[in-house]
Amino acid sequence: MLEPVNVSLESLNLMTLAPMLIPIVGALLILVVDLFKANQHKSLYVMLSIIFLAMDFGALLESAGMFAEGGTMMGVFDVMLIDGLAIVSQFIIVGASMLFIPLALTHSRFHEFSYPEFFALFLFMISGFQFMVATDNLILIFVGLETASLALYTLIALHNRDKSFEAAVKYFTMGALAAGFYSFGAMVFYALTGSVEINQIASVLEANNYADIGYVLVGVVFMLASFGFKLSLVPFHTWAPDVYEGASASMAGYMSIVPKIAAFIVVMRLFEFMVHSGIVWLETILYVFIVITMTIANIWALVQTDVKRMLAYSSISHAGFVMAAVMIGTTQANSALLMYWVLFAFTNLGSFSMLWISREKGLEAHKGSDHSYDKFAGLIKTSPFAATIMALFMLSLAGIPPFALFWGKLYMISSAVNGGYTILALIMALNSAIAGYYYLKLIIYMFMKEPVIGKDGHVYAINSTLSLQTIIGFAAIATIFAFLFVNPLLEFITAFVYNSGY
Amino acid sequence: MFDHILSILIFFPALAAMLAIVIDKDSIRSYGVAVSVVEFALSLMLWFGFDSNVSGMQFMEHYALVPAFGINYILGVDGISLFIIILAAFFTMIGIASLTDTKNVKNMIITLLMLQMTMVGVFAALDAILFYVFWELSLVPMLYIIGAWGGPLRVYASIKFFLYTFAGSLVMLVGMLFMAYFYYQATGEWSFALLDWYRLILPESYQFWLFLAFFFGFAIKVPMFPFHTWLPYAHGQAPTIGSVILAAILLKMGTYAFVRFSLPLFPDASVYFMFPIAIIAIIMIIYTAMVAYAQEDVKQVVAYSSVSHMGVIVLGTFAMNVEGISGSIFLMIAHGVVSGALFLLVGVIYDRRHTKMMDQFGGLASVMPRYATIFGLMLMASVGLPLTINFVGEFLSLLGFYQQSHTLTLLAGIAIIVGAIYMLSAYKKMFFGEVTIEENKNLPDINKRELIALIPLSIITIWLGVYPKPVLEPINNSVEAVVQLMHDKSITEEAKSRIPNLKLEDPRTSAQEAN
């Protein structure tokens, strides 16, 4: 007969679960609403989602306040780990989701938004990501990762087009492979150390001074491959352009931000101690990954004829750029990663939204997306405002000061310089110059070419509604006036990252 | 109002450009002229309020931008930057006033005003990141001007211009980050403020690498041989106004940055690299002069001659003494006036004939006498005729370098003779002889709008050639402070002997008095 287990409720510290539970409750509520009265307008679901995300954001503010006072919190049998990293990344996840969800309010009707399940899945996905970043338990990370990924596959497939199904299946297959790699990696670490907690793994490995270095290598390779898929590092990136192309533009923009920040946080937790333990080959592997991802993706982006694919490759390149922070591993680098991602979220979501407002229905079967460069030709003449805003996002992505991403790049390259990685800093700088070319290409199409006959401004902004314009305007203002909030952002992030020991 | 005059000078055109969006396109030209006249008047007020006896920075403004990372909004002018700012305001004014009929004139004027913001910003910024912001931002309007209003190869030319400069300046950015990191290591504080950096004495090996990183960014902008290949394309394809601004102001950013950053921050490395750079400068002077002689397109002649003269400016800068640096800064202004005027003049004939090929002309002196006179004057100034503005600058630059090396100066002097050859032969082809082509017989002479631009330039050319003191004196004071700073900071024997000791009081204390 087993002894009854006695656990006091207080020691569970259930408050740590609150931010994750809010979107789950919201998702269930949306489903229940649908049970009572089906076929309601999508605006209802959008607003319900926003309300719950706002509550989630509020709960995060609460945890941020508690962290600032009391430091890192553990909860639920020490499975949950609410440290600065978890809080800042959840801010990014929830904030970007709040910017994303109003994009459903398009002018044209799209299939996926008529289902309440879309919004329910969306909220489930967010809680999955939140679980992923707020724990150092490899099993809970896996659960969060899979919850989020499975929801995301479905969300992509809901964008009822042949290409979307293809994209979803491709993403699913690759994701399944990544999940397999992940579980293998986790297994190896468990076999080595007898624990699935990252901090336990770290202390056991350090205690025996990395005696089984060969097995550690195996585990690291599996983990790196798994997260390589999630972060679309070259050569695990092959799914990314196709999936971005198949998904709706807004979803593609979302995918370039939120899933990746969640994966970055896990990678940071997992590799941080190993980078600092001075294992040379790990640094070499990461170095090669970073340089290849940045450079090759940039070169592929040069030759794209479709703006969306170009942005897909550019997102890959940005991920490689930011991955450098994991290798550098200083507090400045980790803060730079988070800051970069906040600024990138505004800019990239903005530029994908600019594609989204021009999405036409009734696409020819053979075409993957309708965002060829030609579509943007002469945009300055037909709709100057849209052209200017798009150019703004492109300049920001290229890292032209004083727009948002410049500050991220500046701080990132500075962290490479301070970490002693001079060559890497130069490679990062020169990659920004290469990237300048394809961003400029779009600007050239918009500003210096004649418009294609028969396309007036209305066709371009066909999907535009007030809510879309609000989101884009918000992103544009944040991009232009980034220099005003860079300082508070930097101080906030640095304090949180520093206090959680990264 | 003098407290914030620099901020006003920078952001007034930008604000005006925003407002210009709502103005009707038929009235936009008057609006542009009005705004740029106000801006020019403001820049004259800056000169009026400027105390030319003070060698340090004046009209300083200081606000924190990203204090956590040492980035501040710091502005200030001294004798070195003052006149280039005035020149920028002046050229934007006459550029807009003399703007010929172009398509999309509204976009053009908005772009020019935005460009003006960045130009003034570069020369007034005293924080490295702020400098970098304006420096990079200036590429965007220029890209648009070349790419949207240029010739047949405009897209290629504009991309080449942008990417070349962008790549160079990113390397420079890495250099700046290193510099800030060294400052952080030395003092425990982050700072990108230039006046803070001036106080930092770096070991020689650091200086070399940082000098090279900065050099890469500046040399492309100047442009120095062998990084000059973007410039003939940019000039060849750019519309007249684009070439004028590019030659008169944008190229000066590079040479100005040498004086502002490279020399005082890395005096030992500057001395170490003095001869290599001088040799590059002389290759640049002679080689591009020869290339200019081979051109058939008159605009390319002016473009290559412009590169050639930039070589003299670089040579003067790296003379590292008061004469050389003052001369090079004076020559920056002179070169701005003269090559700006020459590009305007080429634009005049291009508007009439829509060709720039010299064999399409000939005998224009009899058809367009006033045009020929002004062209002749500017040509003489470009060649460096005494009593014109260029002569003062060239003479001082070469005099300065003569103290460092006699042979190299002699070589550079020869180039000026080559300069005379290609310029005079171009003039001969265009203006002398019989009018052979029928179309040329009835060309109208310069009209009023063109005179508005050209007359003031002619006056400046002669006035400052005869009496350069009002400009030269403030320049001289500030340059003395820079040279003294370099002497004090240098650590090697070589540098101490190459850079003269002027036995001035510490220039930094006078900088603080000026606040």
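**Notebook: a predicted two-chain model**

I counted the secondary structure of chain A and got 22 helices and two strands. I note at the outset that this is a predicted model. Its scores are ipTM 0.91 and pTM 0.93.

**Chain A, overall form**

I looked up the extent of chain A along its principal axes; the C-alpha atoms fill a box of roughly 75 × 60 × 40 Å. I then checked the radius of gyration against the globule rule. For 502 residues a compact globule would come near 23 Å, and chain A has 22 Å, which agrees. Of the 502 residues of chain A, 58% count as buried. I also looked at how far along the sequence the contacts reach. Taking contacts in chain A between residues at least 6 apart in sequence, I find that 82% join residues at least 24 apart.

**Where A meets B**

I listed the residues in the contact: 27 come from chain A and 26 from chain B. On the chain A side, the elements that give two or more residues are α18 (404-418), α19 (422-448) and α22 (482-499). The largest share of that side, 12 residues, belongs to α19(A). Sorted by class, the chain A side has 20 nonpolar, six polar and one charged residues.

**Chain B, confidence**

I read the pLDDT of chain B before going into detail. The average is 89, and 98% of the residues score at least 70. The stretch I set aside is residues 509-515 of chain B, where pLDDT stays under 50. The model has 13 contacts beyond four places in sequence for this stretch. Where pLDDT is low, predicted coordinates should not be read in detail.

**Chain B, helix α18**

I checked the length of α18(B), residues 389-402. At 1.5 Å a residue its 14 residues should span 20 Å, and the end C-alpha atoms are 20 Å apart, so the two agree. Is this helix enclosed or open? I find 11 of the 14 residues of α18(B) buried, so the helix is largely enclosed by the rest of the structure. Among the buried residues are B:Phe391, B:Glu394, B:Leu398 and B:Phe401.

**Chain B, the hairpin**

I followed strand β1 (residues 58-66) of chain B into β2(B); they pair in the antiparallel sense over six bridges. Two of the pairs I wrote down are B:Tyr63 with B:Tyr73, and B:Ala64 with B:Asn72. The hairpin has four residues between the strands, and B:Gly70 takes a positive phi near 70°. In β2(B), residues 71-77, six of the seven residues are buried, so this strand is largely enclosed by the rest of the structure.

**Chain B, Ile333**

I picked B:Ile333, which is found in helix α15 of chain B. B:Ile333 has 25 other C-beta atoms within 10 Å; the cut-off for buried is 20 or more, so B:Ile333 is buried. Which residues is B:Ile333 in contact with, leaving aside neighbours within four places in sequence? I find B:Phe83, B:Ile84, B:Leu87 and B:Val471. For B:Ile84 I also looked up the separation: B:Ile333 and B:Ile84 are 249 residues apart in sequence, yet 6.5 Å apart in space, C-alpha to C-alpha.

Note on methods:
Residues numbered from 1 in each chain as written. Chains lettered and ligands numbered in written order. Predicted model: local features only at pLDDT ≥ 70, side-chain atom pairs only at ≥ 80, totals over all residues. Contact = placed C-beta atoms within 7 Å. Nonpolar A, V, L, I, M, F, W, Y, C, P; charged D, E, K, R; others polar. pLDDT = per-residue confidence, 0-100. Expected span 1.5 Å × (residues − 1). Buried ≥ 20, exposed ≤ 12 C-beta atoms within 10 Å, placed from the backbone. Pairing = 2+ DSSP bridges. Rg over C-alpha atoms; globule rule 2.2 N^0.38 Å.
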